Amino acid sequence: MTLLDEFAPETPDRGTPAVFGEATAQVTVDGISVMVPVGTSVMRAASLAGVAVPKLCATDSLKAFGSCRLCLVEVEGTKGTPASCTTPCTDGMVVSTRTEQVQQLRRGVMELYLSDHPSDCAGCARGSCEMQRLAADVGLAEVRYGLGGASHLAETPDESNPYFAYDPAACIVCSRCVRACSETQGTFALTVSGRGFEARITPGNSDFLSSECVSCGACVQACPTDALTEKSVVSLGMPTRSVVTTCAYCGVGCSFKAEVQGSADDTRVVRMVPWKDGGANEGHSCVKGRFAYGYASHRDRQLSPMVRDSIDDEWQVVSWEQAIERIATGFLGLREKYGVGAIGGISSSRCTNEEVYVVQKMVRAAFGNNNIDTCARVCHSPTGYGLNHAFGTSAGTQDFASVEQADVMLVIGANPTDAHPVFASRMKRRMRAGARVIVADPRRIDLVRSPHVEAAFHLPVRPGTNVAFVNAMCHVIVTEGLWDEAFVRSRCEEADTYLEFIARPEHSPEATERETGIPASDLRSAARLYATVPNAAIYYGLGVTEHSQGSTMVMGMANLAMLTGNLGREGVGVNPLRGQNNVQGSCDMGSFPHELPGYRHVSRPEVREIYEALWGVTIQAEPGLRIPNMFDSAIGGSFKGLYVQGEDIAQSDPNTSHVEAALRSMELVVVHDLFLNETARFAHVFLPGASFLEKDGTFTNAERRINRVRPVMPSRVGKDEWQVVCEIATAMGYPMSYAAPSEIMDEIAATTPTFAGVSFARLDAEGSMQWPVTDAAPHGTPTMHVGSFVRGLGQLTPTVYVPTTERANRRYPLVLTTGRILSQYNVGAQTRRTPNSTWHPEDILEIHPSDAELRGVSTGDVVELSSRVGTTRLTALVSERMPAGVVYTTFHHPVTGANVVTTENSDWATNCPEYKVTAVQVEVVTQAARAEVDAVAAQPVRP
Ligand code: SF4
Ligand code: SF4
Ligand code: SF4
Ligand code: FES
């Protein structure tokens, strides 16, 4: 399969969804015999036989609708001409798709469509309209009723959405967009209003921008005419080739066809179209991956290396050679002066596996220590610790498709519709098909209730009390005899100790109700539901990990799944919804100071020996510094030099003033990034990075799926990031070089057992693979722990609840928790440089009406948010989504600097910051402050 430099092939559109089951029905289509499962549509059977039946309202991602009447066929022994998309196959059926009668009927239908279609349709000229191609296909020579499309011409196109437009004149009301919005996306934003020639598509009662539309683009993709079109296609014209690559935003890891124009050296992206054969997204997308790629060509991008002697000096543009020389001399000097442990590096979950691998290699082999950490430290490090402890592998247990078999989804501390939107659409589909959902989250997130879906339970767990909550769930299951004794006795260890622990009365829902805020009766009912369905799956996010007991909570969820036997098959499991695109991969690649690639502890001599033999160096047996230790050591004077790749630690890490003090204390800070971010304010060398459109490598998503990232255009900065890292190591006296990123993956595969069968060639052939990829599992492993756990027996662990020291008090009586919003991403470095800021131009503080009333706060007021470590200002939104006593904000805008108020509390096992619990006070501030915040929000989004 070739996926480069031409229109990437994908599975053809067979008109209607596949029917699963044994192919027992023999059907003959135009003389060609084909076997299909009973119930398969005639249209799909024809397609499988290699016969294309014309269609307009059908597409295989949506249920058949049967409205356009173009797909008529004749079936032997049956009267009339049924629509092939809505006619199911039966054994022995004989179908004719090209008789004179059906051809004639199709020409008539097409003639009617074209008579209501503008004669000057831009889509015809561009070649972007499926209908025009079909007209030729059905052999329509003339339109007897005239062209002109009089019915909708007077209507103004809806241009409100920044990324696409709707032109009623070109709309044939086939309803594909309406069905895509409902069935695929699950937003139900569109309806057909009016009848006959008056019919048109309406988003809510208004335009697209003001409607419920979340700009996922599914309707645009489904539209067979030019009625819904990307504005980029209108302005740039049609693409001429495509490259299949992977979204660089969240951990869902959606595959896209980057459709482009221009030569290899001068490439313009026309649009990003979700790839139907993408294992994670199966042709769906969200607003970020689909549309928010413009940051890659934003004028703020720094394209040249820069240096300065002091952080108070102006930057000086230098050559790559000069910058690398400066870094190498600087790091070597610091090592000489302060010792081998005085320097270190931070790798990025935004970068490819290959880039991350070479960074940890540079630190271990060229710096000579284990002072390598990654931004996973501040998000999912407790996942790695907790799941490894319980099951023996630091990763989720399932693939995304597994959710199709789940009867109950327990969603804890995650907001998938905002943070993992494409998977959320899959979850909502499953909910509409009958699966029940238990949401454990302080906020009433969208999954609690949105169009056509409603959770069975919303358990408003108070921030910081997750462990008490999960213990109460397990207590109910054990004391009510709902646990799976056979599974626990055969597959787990330490069962009796755990069972005695969890059955203690202090873990009962009644005993913990005051602490957790969850009514005991609701918790009991939810536990019974989780324990008694055939398949129950846990999905969780940073609302679990970013706590002082994050690792304990991950083990608590593992206990819950083991107690109920919900592991080792489809539809079950413990599934972290990973934040960043490659957070799984950056952890896999040995980015932690205590682990070599594949989660093998640096203290294990047999593991060190593998790398020592290959790299020709001695690797330290002691773990290096974690990010917070680096900061503390910098302030203490023993850590002096830092290389940071693709992470804006000055904005994303907690207790900003502490981070800034640490950065100021260092003598050499090297920032390798796309933009001069907040951290670059403290840097001495800036190295320009490459965007995902310029990268060659792999990302690993939340389901352990290794996806290829292919270069859509050459690096705009002249070098790939892995090359730059190799050059720094080489200049420091440790020669490192590879001919291509595929060679780096070959080294990873040769040294990391779970990646043993991975290579770029295999990935290109298979599309993607989920690790472990081994001789025993040559195509990858969608479901882990089948039959036995990776560690042998699963580890049941008594999870003692230890309340966080960060408690609301008289001075700071509210608890702040943080999260994401759909249109922005993390610190916003990318999304703020796109029209996505249309939807979320500033961070907002959500506050419950009673807390707001007590403080005289109304929606739109500027409020001061203060904690024991800092103060910031932002706009208030009074919202019933919040429970009383808890406020919520996002951290996408540096001007708000939400992390100014978050504290240095962290997970006991991994130091993951306790972002989700900060005791705060909220007070209204003056009109002058309102004007200040408005002025910042009103700053135009620069193209
Ligand atoms: S906008 Fe497109 S998909 Fe929607 S009804 Fe009109 S032609 Fe069909
Ligand atoms: S962009 Fe997505 S959410 Fe918006 S109307 Fe289209 S399908 Fe619905
Ligand atoms: S769901 Fe995540 S990976 Fe998929 S398009 Fe959106 S941001 Fe990208
Ligand atoms: S494709 Fe079958 S009726 Fe439209």
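Reply: One term comes before the rest: two strands pair if DSSP finds at least two bridges between them. Keep in mind that this is a predicted model.

Me: Ok. How many bridges do β9 and β10 have, and are they parallel or antiparallel?

Reply: Strand β9 (residues 241-246) and strand β10 (residues 255-262) pair in the antiparallel sense, over six bridges. In one of them, Arg241 has Val260 of β10 as its bridge partner.

Me: What holds strands together like that, in general?

Reply: Strands of a sheet pair through backbone hydrogen bonds.

Me: Back to β9. Is it mostly covered or exposed?

Reply: Mostly covered: six of its six residues are buried. Arg241, Val243 and Thr245 point one way from β9, while Ser242, Val244 and Thr246 point the other way, and all are buried.

Me: Switching topic. What is the strand order in the open sheet of five strands?

Reply: The order is β20-β17-β16-β22-β23, with parallel pairing.

Me: Why is one side of β20 and of β23 left without a neighbour?

Reply: β20 (457-459) and β23 (574-576) stand at the edges and have a single partner strand each, so one side of each has no neighbour in the sheet. On average, neighbouring strands of this sheet are turned by 20° against each other, direction ignored.

Me: And how many bridges join β17 to β20?

Reply: Three bridges join β20 to β17 (residues 436-440), and the two run parallel. Ile438 has Phe457 in β20 as its bridge partner.

Me: Which strands do helices α13 and α20 lie across?

Reply: Helix α13 (residues 421-432) lies across β16 (408-412), β17 and β22 (536-540), at about 140° to β16. Helix α20 (residues 550-563) lies across β16, β22 and β23, at about 170° to β22.

Me: Now the ligands. Which residues are around ligand 3?

Reply: Among them are Cys247, Cys250, Cys254 and Cys286, along with Tyr249, Lys288, Pro421 and Val422. Helix α13 turns up again here: α8 (287-291) and α13 each supply at least two residues of this shell.

Me: How does that shell divide by class?

Reply: The shell around ligand 3 has nine nonpolar, two polar and one charged residues.

Me: And how many charged residues are in the shell around ligand 2?

Reply: No charged ones; that shell has nine nonpolar and two polar residues. The residues around ligand 2 include Cys181, Cys213, Cys216 and Cys219, as well as Phe164, Leu190 and Phe208.

Definitions and conventions: Residues are numbered from 1 along each chain as its sequence is written. Chains are lettered from A and ligands numbered from 1 in the order in which they are written. This is a predicted model: local features need pLDDT of at least 70, side-chain atom pairs count only at pLDDT 80 or more; totals for chains, interfaces and linings use all residues. Side-chain values use heavy atoms; hydrogens and water are left out. A residue is near a molecule or strand if one of its heavy atoms lies within 4 Å of it. Ala, Val, Leu, Ile, Met, Phe, Trp, Tyr, Cys and Pro count as nonpolar, Asp, Glu, Lys and Arg as charged, and the others, Gly among them, as polar. Helices (H or I, at least four residues) and strands (E, at least two) are DSSP runs, numbered from the N terminus. Axes are lines fitted to C-alpha atoms, for helices over the stretch in contact, and angles run from 0 to 180 degrees between N-to-C directions. Contact means heavy atoms within 4.5 Å. Buried means under 20% relative accessible area, exposed over 50%, partly exposed in between (1.4 Å probe, protein chains only).
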